[in-house]
Amino acid sequence: MGKTQKLTLAAMMAAVGTLAGSMLYIPLGFAKAFPVQHLLNVLSAVLLGPYYAVAQAFCISLLRNLMGTGSVFAFPGSMAGALLAALLYSRTKKLSMAFTGEVIGTGIIGALLSYPIAVWILGQKAALFGFIPLFIFSSIAGALLGILILAILAKKRAPIFKEFQNKG
């Protein structure tokens, strides 16, 4: 799979994520749970690798914020989750590690990175660990869907899964 094809797939994921962001989210206080982002993070982590996974996460976060359908907390959460999911998967080639990376990257690391944004930039009162339950809920839901889709593709021996999986 060439760079152009990977870039195209990442762009298509960013488009789907941006569109779904205006329709499919769960408002949770001043943050929004966006399971589709986590689903796409897992898919891109497994199929495209770390660079493209982080790029698609950044693009979705940027576009959703520009359109007014996202929050600034999408940047640290989605990008940390995509990166850790891709790194763990690329080292182990286990879908469970992509899931684990997404949940830890978004649910814990991304949540902790969101605290300074809330307090210092937005002037909101927030507890240091206050984002973790919200981010974990969203990331578990989306990452489970992503792993389910990838498991189905692997079981059916879909050409796209085999081709991307072998590239790392």
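# Exercises on a helical chain

From the N terminus on, the elements of the chain run α-β-β-α-α-α-α-α-α. The model is predicted, so to speak of local features pLDDT must be at least 70, side-chain atom pairs count only at pLDDT 80 or more, and totals for chains, interfaces and linings use all residues. Residues are numbered from 1 along each chain as its sequence is written, and side-chain values use heavy atoms, with hydrogens and water left out.

## Exercise 1: the chain

Count the helices and strands, then state the buried share.

Step 1. Take helices (H or I, at least four residues) and strands (E, at least two) as DSSP runs, numbered from the N terminus. The chain has seven helices and two strands.

Step 2. Buried means under 20% relative accessible area, with a 1.4 Å probe and protein chains only; exposed is over 50%, partly exposed in between. Of the 168 residues, 46% are buried.

Step 3. Contact means heavy atoms within 4.5 Å. Take contacts between residues at least 6 apart in sequence: 70% join residues at least 24 apart.

## Exercise 2: the cores

Step 1. A nonpolar core is a set of buried Ala, Val, Leu, Ile, Met, Phe, Trp, Tyr and Cys residues joined through side-chain atoms within 4.5 Å. The largest has 23 residues; Met-13, Leu-40, Val-46, Leu-48 and Leu-150 have the most contacts inside it.

Step 2. At least two residues of this core come from each of H1 (3–21), H2 (35–47), H3 (50–67), H5 (95–121) and H6 (131–155).

Step 3. Check for another core. A second, separate one has seven residues, including Phe-73 and Phe-135.

## Exercise 3: H1 against H3

Describe how H1 and H3 cross, and what meets there.

Step 1. The axes of H1 and H3 come within 9 Å and cross at roughly 35°.

Step 2. List the residues. Among them, Leu-7, Met-13 and Gly-17 in H1 meet residues of H3 including Tyr-52, Gln-56 and Ile-60.

Step 3. Beyond neighbours within four places in sequence, Met-13 touches Gln-56 and Ile-60, and also residues including Leu-40 and Leu-48.

## Exercise 4: Ser-61

Step 1. Ser-61 has 0% relative accessibility, so it counts as buried.

Step 2. Its contacts, neighbours within four places left aside, are Ala-74, Phe-75 and Ser-78.

Definitions and conventions: Axes are lines fitted to C-alpha atoms, for helices over the stretch in contact, and angles run from 0 to 180 degrees between N-to-C directions.
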